[in-house]
Amino acid sequence: MYFDGAAHRGGAGAGVVFVTSQGEVLPYSFMLMQLCCNNVAEYQALILGLEMAIEMKRLQLQVFGDSQLVVNQLLGSYEVKKPELRPYHDYAKKLTGWLGDVTIQHMPRKENKKADALAALASSLTLPDQAQVAVCKIWLVPLPNEAEGEENELKHLVAVSEVEKEEWRHPIIDYLCYGILPKNPRRRTKIRRRAPRFLYYKDTLYRRSFEGVLL
């Protein structure tokens, strides 16, 4: 598993790439809904990847990241000095404990291009409050190089479609607060399945982590 986080004034994003033992590449890109520093974005990318690994039942996992701070803090080489990083560090450690057979290794940024590109892409997709658009899918398309033996570049294509009147949070909030479900049977089933992982409190929608921590 390769992870990377990106943060700047305009937004924050996380990129996670799984490479299976059969060589299958599974790329994921996440927009982080709150602005944060780059180290927090790195931790959130790692946590998202570890949570997905648990869901996929990946009991043997090699983790690679280009953040020396995050990797060395998890390995115990660096002390966690900043209080805002402590909850992320502790939760990431618990996730690795649940997975069992996990190794974590630092790698140069140039060798973590896929996760880095996914995180940078997601951080640039900040949407205005009233925008009614949704990112549907992200493709990573290998581009052939002229010189043989060189690593392929990645071309990023984003498909964006309009959403009528509501975004993804509204149906969950309607169900949690008022028991209202969409008319479409498939959407009703999806909302019922997802809702237990969320909590709506003081005008904010939180997602429950595996340990019950509200994110």
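Because the model is predicted, local features need pLDDT of at least 70 and side-chain atom pairs count only at pLDDT 80 or more, while totals for chains, interfaces and linings use all residues. Residues are numbered from 1 along each chain as its sequence is written, and side-chain values use heavy atoms, with hydrogens and water left out.

The protein has 6 helices and 9 strands. These elements are DSSP runs numbered from the N terminus, with helices (H or I) of at least four residues and strands (E) of at least two. Of the 215 residues, 33% are buried. Buried stands for under 20% relative accessible area, exposed for over 50%, and partly exposed for values in between (1.4 Å probe, protein chains only). Contacts (heavy atoms within 4.5 Å) were also sorted by sequence separation. Among those between residues at least 6 apart in sequence, 59% join residues at least 24 apart.

Helix packing was examined next. Two packed helices are described by the angle between their axes and the distance between the axes. Axes are lines fitted to C-alpha atoms, for helices over the stretch in contact, and angles run from 0 to 180 degrees between N-to-C directions. Angles under 35 degrees count as roughly parallel, over 145 as roughly antiparallel, 65 to 115 as roughly perpendicular, and the rest as oblique. A crossing is left-handed if the near helix is turned anticlockwise from the far one by less than a right angle, and right-handed if clockwise.

Helix α1 (residues 38-55) packs with helix α2 (residues 68-75) at an angle of about 60°, with the axes 9 Å apart. The two helices are therefore oblique to each other. Their crossing is right-handed. From α1, Asn-39, Glu-42, Tyr-43 and Leu-46 meet Leu-69, Val-70, Gln-73 and Leu-74 of α2. By class, this contact has 5 nonpolar, 2 polar and 1 charged residues. Here Ala, Val, Leu, Ile, Met, Phe, Trp, Tyr, Cys and Pro count as nonpolar, Asp, Glu, Lys and Arg as charged, and the others, Gly among them, as polar.

Helix α2 has Val-70, Val-71, Asn-72, Gln-73 and Leu-74 as its buried residues. These pack against β1 (2-8), α1, β4 (60-65), α3 (86-99) and β5. Just after α2, Gly-76 adopts a positive phi of about 90°.

Helix α1 also meets α3. Their axes come within 10 Å and cross at roughly 25°. The pair is therefore roughly parallel. The crossing of α1 with α3 is left-handed. Residues of α1 in this contact include Val-40, Tyr-43, Leu-46 and Ile-47, and those of α3 include Tyr-88, Tyr-91, Leu-95 and Trp-98. The contact residues divide into 13 nonpolar, 3 polar and 1 charged.

Another pair is formed by helix α5 (residues 169-178) and helix α6 (residues 185-194), whose axes come within 10 Å and cross at roughly 70°. They are therefore roughly perpendicular to each other. The crossing of α5 and α6 is right-handed. Pro-171, Ile-172 and Tyr-175 in α5 meet Arg-187, Ile-191, Arg-192 and Arg-194 in α6. This contact has 4 nonpolar, no polar and 3 charged residues.

Asp-174 also lies in helix α5. Asp-174 is partly exposed, at 28% relative accessible area. Not counting residues up to four places away in sequence, Asp-174 touches Gly-179 and Ile-180. Asp-174 and Tyr-200 are 26 residues apart in sequence, with a C-alpha to C-alpha separation of 9.8 Å.

Two buried positions were then considered. Gly-11 belongs to strand β2 (residues 11-19). Its relative accessibility is 2%, so Gly-11 counts as buried. The C-alpha atoms of Gly-11 and Ser-123 are 4.9 Å apart, although 112 residues separate them along the chain. Asn-112 sits in the loop between β5 (101-106) and α4 (113-124). At 1% relative accessibility, Asn-112 is also buried. Leaving aside neighbours within four places in sequence, Asn-112 contacts Tyr-2, Phe-3, Asp-4, Gly-65, Asp-66 and Met-107.

The cysteines were checked last. A disulfide is a covalent bond between the sulfur atoms of two cysteines. With the criterion of a pair of cysteine sulfur atoms within 2.5 Å, the structure holds 0 disulfides. The sulfur of Cys-37 is 6.1 Å from the closest cysteine sulfur, that of Cys-36, which is too far for a bond. Cys-37 is partly exposed at 38% relative accessible area. Cys-177 is partly exposed at 36%.
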